[in-house]
Each structure stands twice: as C-alpha cells, then as structure tokens.
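Biologist: I would like to learn how to read ring contacts, cores and pockets in a model. Please take me through them one by one.

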Amino acid sequence: MDDNQRRDDGMAQRRTVLGNEWVDKSIKNRNAFNTDFQDLITRYAWGDIWTRPHFDHRTRRVLVIGTMVALGQWDEFRLHVRAALTEGGFTPDDIKEILLQQAIYCGVPAANHAVKEANAIIAELVLLKS
C-alpha cells in the first residue's frame with residue numbers, strides 16, 4: 001500500500017471512529033506546525049493499525065479507552081469515550097464495565113479520574129439513567 005492509499009484509508013477510519021464533526025474540526029485546525037503530525041497519525045495510526053482485520057472496531061475502542069486510563073492520557077480518553085458513545089454504539093454501561101476492569105489492573109486512582117471524566121461526557125450527552 002502506498003502513502004496516498006494509506007492516507008485515504010486512514011481518513012476513512014478516522015471518520016468512522018471519531019465522526020465527521022471531529023475530523024472536520026481537526027482538518028480545519030491544521031497549520032504549518034501540526035500538519036505533518038496529523039498526516040503521520042492519519043497514515044499510520046488510522047491507516048495501518050485501525051484498518052487491520054484482526055480486531056473489530058468495538059474491540060479496538062475498548063483497548064484504546066483502557067490504555068488511555070492506564071497512561072493517564074485524559075484528552076485522548078475523553079475523545080475516545082465520546083466517540084464510542086456517539087459513533088461506536090457503546091452505552092454508558094459499556095464504558096462503566098471498561099472502567100471497572102481498569103480499576104483492578106490500572107489502579108483505583110486512575111479509574112476514579114476516568115469515572116469522573118466519563119461521567120461528565122455521559123451527562124453532557126444526556127445519557128444518564130436515573
């Protein structure tokens with residue numbers, strides 16, 4: 001696969017996983033400083049990894065959300081939780097189960113912060129059950 005095909009496939013994956021609104025905003029915010037980085041992640045993260053056939057998008061989303069908890073990468077965590085809920089067919093209960101699992105393997109402080117962050121997104125999207 002050449003770089004142009006990888007870029008096109010990566011952009012299609014980004015749109016599928018994150019949604020058109022997020023990707024369009026990201027493209028609009030490109031500049032001389034961040035364009036090369038955006039191209040890199042589009043070709044490699046999205047074009048090489050997310051297009052691999054072994055895991056489906058649901059499994060990849062679970063892996064990414066869990067990894068972001070483990071690494072304490074809260075911007076990416078919020079991005080992927082929101083995308084899972086709005087684009088990926090996840091429910092708040094799906095996110096809750098990921099976070100309960102991560103509490104054991106990543107520690108309660110990390111999961112505690114993740115619950116706070118996810119709860120804010122779920123409330124914003126008006127997905128909370130009484």
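Modeller: Start with the rings. There are two aromatic pairs here. The ring rule covers Phe, Tyr and Trp (its six-membered ring), with centres within 6.5 Å; planes under 30 degrees apart are stacked, over 60 edge-to-face, and the rest tilted. One caution: this is a predicted model, where local features need pLDDT of at least 70 and side-chain atom pairs count only at pLDDT 80 or more, while totals for chains, interfaces and linings use all residues. Residues are numbered from 1 along each chain as its sequence is written, and side-chain values use heavy atoms, with hydrogens and water left out.

Biologist: How many degrees lie between the planes of Trp74 and Phe77?

Modeller: In general, the distance of the centres and the angle of the planes describe a pair of aromatic rings. For Trp74 and Phe77 the planes are 80 degrees apart and the centres 5.4 Å apart, an edge-to-face pair. Both residues lie in helix H5, three residues apart, about one turn of the helix. Helices here are DSSP runs (H or I, at least four residues), numbered from the N terminus.

Biologist: Why does Trp74 count as buried?

Modeller: The classes are buried (under 20% relative accessible area), exposed (over 50%) and partly exposed in between, with a 1.4 Å probe and protein chains only. Trp74 counts as buried because its relative accessibility is 18%. Phe77 is buried too, with a relative accessible area of 0%.

Biologist: Which ring does the charged end of Arg58 sit over?

Modeller: The ring of Phe90, 4.2 Å from its centre. The test asks for NZ of Lys or CZ of Arg within 6 Å of the ring centre and within 35 degrees of the ring normal.

Biologist: Which residues touch the most other members of the largest nonpolar core?

Modeller: Phe77, Val81 and Ile95, out of 25 residues in that core. Helix H1 (3-18), helix H4 (57-71), H5, helix H6 (92-106) and helix H7 (108-124) each supply at least two residues of this core. H5 gives the most, seven residues. A nonpolar core is a set of buried Ala, Val, Leu, Ile, Met, Phe, Trp, Tyr and Cys residues joined through side-chain atoms within 4.5 Å.

Biologist: Now the pocket. How much space lies in the largest one?

Modeller: A probe the size of a water molecule, rolled over the atoms, shows where empty space is left. The largest pocket holds about 390 Å³ of space. It is lined by 16 residues, and the closest to its centre are Trp22, Lys25, Arg78, Leu79 and Arg82. A pocket is an open set of points on a 1 Å grid over the protein atoms alone, where a 1.4 Å probe fits, with protein on both sides within 12 Å along at least five of seven lines; lining residues have an atom within 4 Å of a point.

Biologist: Which helix gives the largest share of the lining?

Modeller: H5, with eight residues. Helix H2 (20-28) and helix H5 (74-86) each supply at least two residues. By class, the lining has six nonpolar, three polar and seven charged residues.

Biologist: What is the phi of Val126?

Modeller: Most residues other than glycine have a negative phi. Val126 is not a glycine, yet has a positive phi of about 55 degrees. Val126 is in the segment after H7. Its relative accessible area is 69%, so Val126 is exposed.

Definitions and conventions
Grid points are joined across faces, edges and corners, and a volume is the space filled by probe spheres set on the points. Ala, Val, Leu, Ile, Met, Phe, Trp, Tyr, Cys and Pro count as nonpolar, Asp, Glu, Lys and Arg as charged, and the others, Gly among them, as polar.
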